[in-house]
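Please go through the briefing below with the sequence and the model side by side. The points are grouped by topic.

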Amino acid sequence: MANKNIEIVVNPPAPHFVGDGFRVHNFIPSAYYLDMQRMSPFIMLDYNSKFHFPPSKEPKGVGVHPHRGFETVTIAYKGKVAHHDSTGNSGIIGEGDVQWMTAASGILHKEYHEEEFSRTGGEFQMVQLWVNLPAKDKMSPPKYQGITNDQIQKFTLPDNAGEIEVIAGEYNGLKGSASTFTPVNLMNAKLKKDGVASFSFPAHFNTAILIIEGSIEVNGKEKVGTDKFALFETEGETFDIKASEDAVVLILSGEPINEPIASHGPFVMNTKAELMEAFNDFNVGKFGYLED
Amino acid sequence: MLTNFKTYLSEKSELDETSIDEILNDVRVESLQKGDFLLKAGDVCKHAFFTEKGLLRAFTIEESGKEHIIQFAPETWLISDRSSIYFNEPSALFIEAIENSTVLFISAEFMGMIAERSPKFQKANDRALQSHIRQLQQRINQLLGASAEERYSTFIQKYPDLLLRVPLWMIASYLGITPESLSRVRKDLAKKNFKS
């Protein structure tokens, strides 16, 4: 099998606030080269790099907003988020947990720093990813997978190199905890200094890594530092990562959904008419109601 | 650049792309930050403002400090105080950017210059004035007599994406209802239309 090499390394773009609780670098789709089609099925990636929030009486966050046509995946590395949605689900996403929400036909939700975390303040670090749905599943019913860290499948690497948390997809025969609509691999490689992990994905899958902690070397030649995003070529299958120091790396690889994309704000559909319908359905309450 | 304004001109006139590009050399374009003002009450309005990108609002402030929103202007909308321009008198309106915006400053001379080149534009402009008056009449009528639900329903047809872009208190202010009534209307609609 041929090696899969890095095509481009992207530095974190200037951060902006989403609501008042998430200070994020947007890699997908606004960074050069990382548009929705190139990165499909990953159509949005906001990265809240490690940031210290001071104590706050009022929890910071994002108020009620809708989504339709895709899934939102929140991966918490530091800090805690409380969420509520219009289907009646609510919960807390703590350190190491993953929330996989299928918005599909439509959902309203809000996300705030969890109360205790808000009161004490502290380090906050998260990834929010949007995974597109194929046309046939865009209007399926919303659902929710709250995956706590102890439910995440973990593959122990040989030679005390560390472990791979398989959130979705498969690593060396170990299947991930989340169910997906199209083939998606999403995993955290937690590597000790000098630890090595090898990965293999089909050549045509869109594949990338985000360095959450530490720094690494890919295929023995390219160094990638903290908070950087590396996009791989769509040829070759295998690559390996060696930790130059203790490192956490988010690995994304998914089969592209080769369909037209019409998107505006929180709606990602296939046609402009479907987008207009999404706005109208939201305006007339078809997504339900959620108190702010 | 200025794609929205180019489309606006090409739909409303028979000017070709070259003439439009020529005209656009003379137009004043400004980038505004959220919170910047284009007009303040007491000043004479000199321009109409075309929203190329972003969102503007026109509003008045009562002596007590309460705001009343007269109009929103998202992309491709024009907003101004026509009577202040025409009668050269101080305006009662504030016009403010409520998102970071790109705005074209359209003077009466600029409009006249295009109309001279394009009879179709002259007609379109007359029609725009008539339709503005029609809108105002409908709005007066609704503010005097329509239920909160009817007002909301007209609003979402006129501005399909604004519910996602402006805080609810601004929408309530535009509709002339309290934020609580707006919440009730939206809750009732969700009860009727949400199938879980």
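This is a predicted model: local features need pLDDT of at least 70, side-chain atom pairs count only at pLDDT 80 or more; totals for chains, interfaces and linings use all residues.

Residues are numbered from 1 along each chain as its sequence is written, and chains are lettered from A and ligands numbered from 1 in the order in which they are written.

**Confidence**
- The model scores ipTM 0.87 and pTM 0.91.

**Contact between the chains**
- Chain A gives 13 residues to the contact and chain B gives 13 residues, two residues being in contact if their C-beta atoms, placed from the backbone, lie within 7 Å.
- On the side of chain A that touches chain B there are 6 nonpolar, 6 polar and 1 charged residues; here Ala, Val, Leu, Ile, Met, Phe, Trp, Tyr, Cys and Pro count as nonpolar, Asp, Glu, Lys and Arg as charged, and the others, Gly among them, as polar.

**Nonpolar cores**
- A nonpolar core is a set of buried Ala, Val, Leu, Ile, Met, Phe, Trp, Tyr and Cys residues joined through C-beta atoms within 7 Å; a residue is buried if 20 or more other C-beta atoms lie within 10 Å of its own, exposed if 12 or fewer, and partly exposed in between, with C-beta atoms placed from the backbone.
- The largest nonpolar core has 82 residues, and A:V249 and A:L250 have the most contacts inside it.
- Apart from that core lies another, of 32 residues, among them B:L9, B:A58, B:I98 and B:L182.
- Leaving aside residues up to four places away in sequence, A:L250 touches A:I75, A:V127, A:N188, A:I209, A:L210 and A:I212.

**Strands of chain A**
- Helices (H or I, at least four residues) and strands (E, at least two) are DSSP runs, numbered from the N terminus, and two strands pair if DSSP finds at least two bridges between them.
- Strand β10 (residues 107–113) of chain A is mostly covered, with 6 of its 7 residues buried.
- Strand β5 (residues 61–67) of chain A pairs with β10(A) in the antiparallel sense over 5 bridges, and A:H65 has A:H109 as its bridge partner.
- Strand β7 (residues 81–85) of chain A also pairs with β10(A) in the antiparallel sense over 5 bridges, and A:D85 stands opposite A:H109.
- Strand β1 (residues 6–10) of chain A runs antiparallel to β22(A) and is joined to it by 4 bridges, with A:I6 and A:F232 as bridge partners.

**Sheet and helix of chain B**
- An open sheet of 4 strands has the order β1-β8-β3-β6 (chain B), with antiparallel pairing.
- β1 (28–32) and β6 (78–79) of chain B stand at the edges, each with a single partner strand, so one side of each is left without a neighbour in the sheet.
- Of the 27 residues of helix α5 (residues 119–145) of chain B, the number buried is 0, so α5(B) lies largely in the open.

**A loop residue of chain A**
- A:G121 lies in the loop between α2 (115–120) and β11 (122–132) of chain A, and with 14 C-beta neighbours inside 10 Å A:G121 counts as partly exposed.

Conventions:
The expected span of a helix is 1.5 Å times one less than its number of residues.
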